[in-house]
Each structure stands twice: as structure tokens, then as C-alpha cells.
Amino acid sequence: MRPIDLHCHSTVSDGMLPPAELVARAAGNGCRWLALTDHDDLDGLDVAARTAAEHGIGFVPGVEVSVSWQDVTLHIVGLGIDPACTTLQRGLEHVRSGRAERAEQMAAGLARAGIGGALQGAYRYASNAALISRAHFARYIVEQGHARDTSAVFKRYLVKGKPGYVRHEWASLGDAIEWIHAAGGVAIIAHPGRYRVSVYGMHDLLREFRGLGGDGIEVITSSHSTEDYRRFNVLAQEAGLLASVGSDFHAPEESWMDVGGVPDLPLAATPVWEALGLRWDPAPAGAGSSLEAVAGSA
Ligand code: AMP
Ligand code: MN
Ligand code: MN
Ligand code: MN
């Protein structure tokens with residue numbers, strides 16, 4: 001395992017562990033650098049940073065911004081952001097604002113498909129009502145016995161063309177990058193292997209992202225196959241983008257990669273932790289952690 005994890009979720013968005021428990025779990029798993037990257041919300045960062053300090057692990061404040069690009073939804077992770085940045089805060093507030101109405105429309109679609117009570121049911125799972133998400137609906141639908149697990153729910157009910165899917169306009173790609181940069185962070189395309197775009201579409205996306213000042217892409221993440229690791233290693237290097245890594249952990253029962261680390265595979269492009277100034281040398285035998293942030297960063 002490489003003891004660094006730059007992508008995970010708490011109850012502030014659609015994760016199932018509160019920030020402090022999430023960080024404690026990562027530390028217990030041997031993590032040395034952790035970024036919390038909740039969807040469209042910064043509320044967990046204070047507690048997470050404090051908990052990380054208590055456990056003696058490095059913390060990187062992060063966020064995962066929902067973006068609409070052409071006809072697909074993309075996720076852009078911001079790392080090393082200043083949570084006090086008002087440009088970022090205002091931008092995220094705007095991104096969050098459409099979720100309530102979208103949730104009502106999703107519930108109406110699900111009701112027509114024979115799944116009642118989904119709005120109240122989903123909100124029961126959302127600790128942060130402002131961040132009501134498809135993941136909360138999925139948990140309710142599993143609870144009601146309509147599907148075996150959340151990934152089956154998505155396939156049957158929550159993706160494009162299915163009864164609970166509602167098209168939504170998120171942030172623009174340019175805005176997301178701008179907000180992250182305004183907050184002093186680096187902008188990373190999350191799990192690029194998950195988007196339904198052709199080989200040409202991916203080239204267009206990377207070119208546009210690069211042109212807008214985007215910084216990197218995730219290479220190693222739980223939804224990537226071994227083939228994805230290889231492909232995005234090559235693409236990051238070719239495009240001159242940084243390589244990032246993260247579990248995208250949401251919940252013990254829902255994630256096959258635990259929080260706190262990722263498989264220790266080679267990265268062809270410059271790792272994002274170098275750009276963030278995170279010092280990350282292997283500790284010499286017998287010594288304590290040699291982990292430290294370069295002065296003034298992180
Ligand atoms: P939303 O922001 O409301 O569209 O919800 C997106 C979230 O749903 C993602 O961040 C994932 O946590 C979850 N999700 C999306 N697709 C799937 C899937 N196929 N299986 C399980 N969870 C998914
Ligand atoms: Mn999620
Ligand atoms: Mn994502
Ligand atoms: Mn995520």
C-alpha cells in the first residue's frame with residue numbers, strides 16, 4: 001500500500017462515516033497523508049484537520065466539485081484549497097442549490113416506477129440535507145428491498161434513461177477550475193475511467209481541461225481497472241498533467257478500497273503530492289515518521 005489517500009467522503013456529503021471517524025479509520029489503516037474531498041461542501045474540513053493532527057497524520061483540505069461538460073457529469077477534485085476562500089464557498093453554494101428540487105423530481109420518477117416514499121427515505125440517509133444525492137436514494141432503495149446493493153440500484157434506477165434519473169446542470173468546467181485556483185488549490189479530474197466518453201472525447205476533455213489551467217488527473221482510484229491505471233498513466237504523462245491517487249472511499253460496506261491508502265503502483269507522470277509540496281520520504285528504520293509538509297504549504 002502507498003499510505004496516501006487524496007480522495008474520500010464523509011457524512012458531510014454521501015459518505016457514511018463522520019469526518020472524525022473517517023480520519024481515525026484512515027490513521028488506523030496506516031495513512032500518512034489524507035485529503036477529505038466531500039462533494040460540493042467544505043463543512044467537514046475543520047474537524048478532519050484537527051483529527052488528523054491528533055493522529056499525527058498529514059492533512060490536505062479538499063473538495064469534489066460536480067461539473068457538467070458537454071452531455072456528461074464530471075467530478076473535479078480540488079486539493080490543497082483554503083476553506084476560507086469566499087470565491088470557492090460562493091461557487092459551491094450555487095452548485096448545491098439545485099439539489100433539493102432535483103431530489104423531488106427524482107422521487108417523482110421513482111414513485112412512477114413503483115418506489116414510494118423515496119424523498120423522505122433518502123433524506124433520512126442524508127446527514128447534510130443540502131447535499132442530498134443519488135447515493136442517499138440508493139441506500140433507501142436497497143433498504144426497501146428493491147435491489148441487492150447500491151450498484152444494482154444505480155444500474156436499474158439512477159443512471160441516464162432510468163426512472164429516477166434527472167438531468168442536472170452543475171458547475172461549468174472553467175468555473176470549477178477557477179474556484180479551486182482562487183482557493184490556492186490544484187484541480188484534478190476525478191476517476192476519468194468512469195466517464196462515458198470515447199477515446200476522442202477523452203482527448204478533447206484533457207485538451208480543454210489543460211487549456212483552462214487544469215492541473216492533473218486521478219490515475220489510481222478504486223473505480224479504475226488495471227487497464228485504466230495503465231491508460232491514464234500514459235495520458236497524464238502525455239498531456240503534462242499531474243497524477244493523483246485516492247480511494248474514493250464512501251462507506252465500509254460500499255467501498256472495496258479502504259480509506260487511507262492506494263495500491264503502490266508506479267506513476268508515470270509527476271505525482272500531485274510533489275506539486276503540493278508534501279514531503280513524503282520513507283521513514284528510516286527505527287525512526288519516527290519523516291513526514292512533514294514543506295514550510296508554508298499544505
Ligand atoms: P449525485 O452527486 O447526486 O449525482 O451522486 C453521485 C454519487 O453517487 C457519486 O459520488 C457516487 O458516490 C454515487 N454513484 C454514482 N454512480 C454510482 C454507481 N454506479 N454505483 C454506486 N454508486 C454510484
Ligand atoms: Mn459520492
Ligand atoms: Mn466522484
Ligand atoms: Mn468521490
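**Pocket, metal site and cavity**

Helix 6 gives five residues to the lining of the largest pocket, the largest share of that lining. The model described here is predicted.

**The largest pocket**

- The space in the largest pocket comes to about 1700 Å³.
- Its lining consists of 45 residues, and those nearest the centre of the largest pocket are His 75, Arg 134, Phe 154, Val 159 and Arg 194.
- At least two lining residues come from each of strand 3 (58-69), strand 4 (72-79), helix 4 (99-112), helix 6 (134-143) and helix 7 (150-158).
- Domain 1 (4-95 + 170-293) and domain 2 (99-158) each contribute at least three residues to the lining of the largest pocket.
- Sorted by class, this lining holds 16 charged, 15 polar and 14 nonpolar residues.

- Distant parts of the chain are linked by the pair His 9 and Asp 248, which stand 239 residues apart.
- His 9 belongs to the loop between strand 1 (4-5) and helix 1 (19-28), while Asp 248 belongs to the loop between strand 7 (242-246) and helix 11 (272-275).
- His 9 and Asp 248 are both buried.
- The manganese ion (ligand 4) and the manganese ion (ligand 2) are separated by 4.6 Å.

- The loop between strand 2 (33-36) and helix 2 (45-55) contains His 39.
- His 39 counts as buried because its relative accessibility is 7%, and buried means under 20%.
- The side chain of His 39 makes a polar contact of 3.1 Å with the side chain of Asp 14.

**The cavity**

- One cavity of 30 Å³ or more is counted in the model.
- The largest cavity has a volume of about 50 Å³.
- The residues that line the largest cavity are Ser 68, Asp 71, Val 72, Thr 73, Tyr 165, Arg 167 and His 168.
- By class, three residues of the lining of the largest cavity are polar, two are nonpolar and two are charged.

Conventions. Residues are numbered from 1 along each chain as its sequence is written. Chains are lettered from A and ligands numbered from 1 in the order in which they are written. This is a predicted model: local features need pLDDT of at least 70, side-chain atom pairs count only at pLDDT 80 or more; totals for chains, interfaces and linings use all residues. Side-chain values use heavy atoms; hydrogens and water are left out. Donors are N, O and S atoms within 2.8 Å of the metal (3.2 Å for Na, K and Ca); water is not among the atoms, so sites may look incomplete. Helices (H or I, at least four residues) and strands (E, at least two) are DSSP runs, numbered from the N terminus. Buried means under 20% relative accessible area, exposed over 50%, partly exposed in between (1.4 Å probe, protein chains only). On a 1 Å grid over the protein atoms alone, a cavity is a set of points where a 1.4 Å probe fits but cannot get out, and a pocket is an open set with protein on both sides within 12 Å along at least five of seven lines; lining residues have an atom within 4 Å of a point. Grid points are joined across faces, edges and corners, and a volume is the space filled by probe spheres set on the points. Ala, Val, Leu, Ile, Met, Phe, Trp, Tyr, Cys and Pro count as nonpolar, Asp, Glu, Lys and Arg as charged, and the others, Gly among them, as polar. Domain bounds come from an automatic or database domain assignment. A polar contact is a pair of N or O atoms within 3.5 Å; within protein, one must be able to donate a hydrogen and the other to accept it, and residues adjacent in sequence count only if both atoms are side-chain atoms.
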